[in-house]
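Take a look at it first, then read on.

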Amino acid sequence: MDKAHVLDKPSERELNTDFELRSLDSSQPAEAWKVEKTWSLLKYGFAGMVFGVILVKSEVISWFRIQEMFRLQSFHMYGVLGSAVLVGILSVWMIRILHLRSASGESIRFRPRPFHRGQIYGGLLFGFGWALTGACPGPLFAQIGAGFTVVILTLISAIGGTWAYGRMKDKLPH
Amino acid sequence: MGNRRFGVSSALRHICAAVIPSGIPYFRYSWKKEAWNLFFVTGIGVGAFLAALFISNPDPVQMNPKLIAELQGYGIKDFAGLMPNDLFSWSALLSLRGLLFIVGGGFLVGFGTRYAGGCTSGHSIMGLSTLQWPSLVATICFMAGGFLVANLVVPYIIRL
């Protein structure tokens, strides 16, 4: 049994400020979170591949496109992101109306996200980094895959930044 | 697909949780339960590799001529690929500007996304799709930060 499982008891969990980690929500029944088998995780790898192809072909991993976006010199990025959000809104609406279920038959729930000040401070800091690297985290992996091997260092540095946040989390305003 | 909370930047947290042993509470959780995310980001890399290999666009990005003119003014010469080789290559790493773009930018991306609790995929796409106002706040801050640095700081750093 590894150390992490000790935190599975909701009472011992810290506040989950991370919207992307569903398994950390204390409202989540623990038994729903069995570790998936490797073969069943491969479907996520396949979805990632499709996403990776789209990131390259839509040029959103391009540093040039990001500079254009932040200089209001092109509609390109706004078009890509805007249509992604539109498709997202429509899909979520359809999932709700039609009560669609996940591939394994679970009902799909959307949980509200509480506001905290980190969304402002962290958001600004990420914006600074986005303008410099021309990449948010997804495109970092895509840039590496597309052959810009030096971005491996950007990724390592981003992992370092994540670690630094984890280290200082309690001292930062949220 | 699997009722997961979509977002790419949390992969960085899982990597920390998995490979850097420490007693930091933020990284003490069962990262294996979120392993799907690591499969997803690996997939992104593979997909990008295949796209670049087989179906890449041989022409340069059709960018705004004003941007080209501006960047040429800073000494950027190579507009052929998706990324400027003058800034993002192993040889550029030896310069101060390359270091700031590659390493400094990466650090801010990692730190900022975790502090904000999500990135472009988690907040801007998923959060806005589910009509959550905190995600709108985060997205506005992403954009504000980007506008600020792209217009006021990038021109300065490129000339270093």
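## Chain B from end to end

Reading along the sequence, chain B runs α-α-α-α-α-α. That makes six helices and zero strands, where helices (H or I, at least four residues) and strands (E, at least two) are DSSP runs numbered from the N terminus. What you see is a predicted model, in which local features need pLDDT of at least 70 and side-chain atom pairs count only at pLDDT 80 or more, while totals for chains, interfaces and linings use all residues. As for labels, residues are numbered from 1 along each chain as its sequence is written, and chains are lettered from A and ligands numbered from 1 in the order in which they are written.

The C-alpha trace of chain B spans about 50 × 35 × 35 Å along its principal axes. Of its 160 residues, 51% count as buried (20 or more other C-beta atoms within 10 Å of the residue's own, with C-beta atoms placed from the backbone). Take the contacts in chain B with a separation of 6 or more: 44% of them join residues 24 or more positions apart. Two residues are in contact here if their C-beta atoms, placed from the backbone, lie within 7 Å.

## Chain A and its domains

Chain A also reads α-α-α-α-α-α, with six helices and zero strands. It has 174 residues, and buried ones make up 40% of them. Among contacts in chain A with a separation of 6 or more, residues 24 or more positions apart account for 41%.

Chain A is split into domain 1 (1-57), domain 2 (59-111) and domain 3 (116-174), with bounds that come from an automatic or database domain assignment. Where domain 1 of chain A touches domain 3 of chain A, four residues of domain 1 are in contact with eight of domain 3. The domain 1 side of that contact has two nonpolar, two polar and no charged residues. Here Ala, Val, Leu, Ile, Met, Phe, Trp, Tyr, Cys and Pro count as nonpolar, Asp, Glu, Lys and Arg as charged, and the others, Gly among them, as polar.

## Where the chains meet

## Two helix pairs up close

Start with H4(A), residues 118-133, which packs against H4(B) at an angle of about 155°, with the axes 7 Å apart. Axes are lines fitted to C-alpha atoms, for helices over the stretch in contact, and angles run from 0 to 180 degrees between N-to-C directions. H4(A) and H4(B) are therefore roughly antiparallel (an angle over 145 degrees). Residues making this contact include Gly122(A), Phe126(A) and Gly129(A) from H4(A) and Gly105(B), Leu108(B) and Gly112(B) from H4(B). By class, the residues of this contact divide into 12 nonpolar, 11 polar and no charged.

Now look at H5(A), residues 137-145: its axis and that of H2(B) come within 7 Å and cross at roughly 40°. The residues of the H5(A) and H2(B) contact come to eight nonpolar, four polar and no charged.

Methods. A residue is buried if 20 or more other C-beta atoms lie within 10 Å of its own, exposed if 12 or fewer, and partly exposed in between; C-beta atoms are placed from the backbone. Angles under 35 degrees count as roughly parallel, over 145 as roughly antiparallel, 65 to 115 as roughly perpendicular and the rest as oblique.
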